Amino acid sequence: MPAEISINADTAAAKQKRRGAVKAFKREAILQAARTIFARDGLEGATLRAIAAEAGVAVGTVYLHYPGKEALYADMLAGSLADLLKHLRDAVVKASAEDHLLAAALAFYGFYRDRPDDLHLGLYLAQGLKPVGLNPELDRLLNGRLIQCYTVLGDGIRRLAPLPPEALKAETVSLAAAITGALMLQVTGRLKVLGDDGEAVVRRAVESLTERLSPD
């Protein structure tokens, strides 16, 4: 290859790499700005123009990355659920077989206790406690990711007893609901008023489930 062609190819590759880095930097700035705006205004009240202003970019730049605020919200939530899944899997890998369920439940609780913004994001709390969705396609994607996280809890329950699928699903959902309830009461300060603690509530829920399902 002639030297001039080689130099031009290297220059083009370097430019492409720089463009990729700039694009990634702007996307991250948009995501961080979106967290602020969604926390302040909720999904309904947020606008891409406000997110762009917070990120310090033109609104057209936001549209280059996301077709609308629903897609941006979904990307944030998908990233949060991916982090949760990794956190759960890391926790159970380090746990003994008999502690699998407790490790998964405490990891689930601890993830959101330590990252309340992710709890608000996942429950759409800036909207108040009312049903909120994005669109059917995005909802299916996000529900699938959430189910993956619940499956880690289900794997722990399965180790206690060989339940049929519907019974396993019911027990998993009940435990997830108990953990979510403990989180809600913890982050709102209600448990402190009651002289209790969210982690203790989760431990008792797992202990009760273990006693009920474990063979005599």
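Author: Keep in mind that this is a predicted model.

Reader: What about H2, which of its residues are buried?
Author: Helix H2 covers residues 48–55, and Leu-48, Ile-51, Ala-52 and Ala-55 are its buried ones. Looking down the axis of H2, the buried residues fall within an arc of 100°, so they line one face of the helix.

Reader: And which residues are exposed on the other side of H2?
Author: Arg-49 and Ala-53 are exposed there.

Reader: Switching to the largest nonpolar core, which residues touch the most other members?
Author: Phe-38, Ile-51, Leu-72 and Ile-179 do, in a core of 55 residues. The largest share comes from H4, with 11 residues.

Reader: What is Leu-72 in contact with?
Author: Leaving aside neighbours within four places in sequence, the contacts of Leu-72 include Phe-38, Leu-48, Ile-51 and Tyr-66.

Reader: Now the rings. How many aromatic pairs are there?
Author: The structure has four. In one of them, the ring centres of Phe-38 and Tyr-73 are 4.8 Å apart with the planes at 75°, so the pair is edge-to-face. Phe-38 sits in helix H1 and Tyr-73 in helix H4, so this pair ties together parts 35 residues apart in sequence.

Reader: Phe-38 again. Buried or exposed?
Author: Phe-38 counts as buried, at 4% relative accessibility. Tyr-73 is buried too, at 5%.

Reader: Which residues form the aromatic cluster?
Author: Phe-108, Phe-111, Tyr-112 and Tyr-150 form it. Of these, Phe-108 and Tyr-112 both lie in helix H5, four residues apart.

Notes
Residues numbered from 1 in each chain as written. Predicted model: local features only at pLDDT ≥ 70, side-chain atom pairs only at ≥ 80, totals over all residues. Heavy atoms only, no water. Buried < 20%, exposed > 50% of the residue type's maximum accessible area, 1.4 Å probe, protein only. Helix = DSSP H or I, 4+ residues; strand = E, 2+ residues; numbered from the N terminus. Arc of directions from axis to C-beta. Core = buried A, V, L, I, M, F, W, Y, C linked by side-chain atoms within 4.5 Å. Contact = heavy atoms within 4.5 Å. Phe/Tyr/Trp six-rings, centres within 6.5 Å; stacked < 30°, edge-to-face > 60°.
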